[in-house]
Amino acid sequence: MNIPFLGRLRKKRGPARGVAVYEADGAAPDPQGIAALLSECELLRSHAERAGVRLDDTAASLEALDQLLPRWRDDEETLSWLGNDAGLYLGTVLVRTVPGAAWRLWPNGQPVVRLASGREFDVVTAGHEWAASGVPELSQLYGEVAEA
């Protein structure tokens, strides 16, 4: 998922262990602003609300999402948007509940979750897989990533 309004990404070498740091238009990124933007997930929140599921940024809400009837699979456009939102919501839950987890943007603009171990998890791809087939479940992914 490319997020063009975050600006052109420019690669810069970080001081510690050659870790690549990406900044939007040369300015220091605003982690809280990026996290708030990525956590909106309007379409997913709308679908969940209509089904009586409250998305409160917890692992339990991921379990509730896994139980939704996948009526969106008949609409290709909705499927794509919902997949993005599901991945971003999974990332939001990880960032808010797993110590040391943080959002990171790849050079192409793809948001991923970076764990304290340095491992990066492509939540958007996982969200698309969940929206398309339901496998793996969001709660299962959360459990696997949170354990790492």
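A salt bridge is here a side-chain nitrogen of Lys or Arg within 4 Å of a carboxyl oxygen of Asp or Glu. By that criterion, a search of the whole structure finds five salt bridges. The structure is a predicted model, in which local features need pLDDT of at least 70 and side-chain atom pairs count only at pLDDT 80 or more, while totals for chains, interfaces and linings use all residues. Residues are numbered from 1 along each chain as its sequence is written, and side-chain values use heavy atoms, with hydrogens and water left out.

## Salt bridges

Side chains of opposite charge can pair when their charged atoms come close.

| Arginine 96 | Aspartate 57 | 2.1 Å |

Burial is judged by relative accessible area, where buried means under 20%, exposed over 50% and partly exposed in between, with a 1.4 Å probe and protein chains only.

The side chains of arginine 96 and aspartate 57 meet in a salt bridge, and this pair links distant parts of the chain, arginine 96 being in helix 4 and aspartate 57 in the loop between helix 2 and helix 3, 39 residues apart. Arginine 96 is partly exposed, at a relative accessible area of 46%, whereas aspartate 57 is buried at 14%. Aspartate 57 also has a positive phi of about 65°, although it is not a glycine.

Arginine 104 is buried, with a relative accessible area of 16%, while glutamate 120 is partly exposed at 27%. Salt bridges that share partners join Arg45, Asp57 and Arg96 into one network.

Two strands are taken to pair if DSSP finds at least two bridges between them. An open sheet of three strands has the order 3-4-5, with antiparallel pairing. Strand 3 (102-105) and strand 5 (120-121) stand at the edges with a single partner strand each, so one side of each is left without a neighbour in the sheet. Strand 3 pairs with strand 4 (residues 111-114) in the antiparallel sense over four bridges, and alanine 102 stands opposite arginine 114 in strand 4.

Axes are lines fitted to C-alpha atoms, for helices over the stretch in contact, and angles run from 0 to 180 degrees between N-to-C directions; contact itself means heavy atoms within 4.5 Å. Helix 5 (residues 123-133) lies across strand 3, strand 4 and strand 5, and runs at about 110° to strand 4. In the loop between helix 5 and helix 6 lies proline 136, which is joined to valine 135 by a cis peptide bond with omega of about -10°.

## Helix 4 and its surroundings

Helix 4 (residues 76-97) packs against helix 6 (residues 138-147) at an angle of about 40°, with the axes 11 Å apart. The contact is made by Ala86, Leu90, Val93, Leu94 and Thr97 of helix 4, together with Leu138, Leu141, Tyr142, Val145 and Ala146 of helix 6.

Threonine 92 is found in helix 4 and counts as buried, at 1% relative accessibility. Leaving aside its neighbours within four places in sequence, threonine 92 is in contact with Leu38, Ser39, Asp57 and Trp103. Glutamate 76, also found in helix 4, is exposed, with a relative accessible area of 62%. Glutamate 76 and alanine 132 are 56 residues apart in sequence, yet 9.5 Å apart in space, C-alpha to C-alpha.

## Cysteine 41

Cysteine 41 lies in the loop between helix 1 (31-38) and helix 2 (42-50). Cysteine 41 has a positive phi of about 45°, although it is not a glycine, and it is buried, with a relative accessible area of 4%.

Notes:
Helix = DSSP H or I, 4+ residues; strand = E, 2+ residues; numbered from the N terminus.
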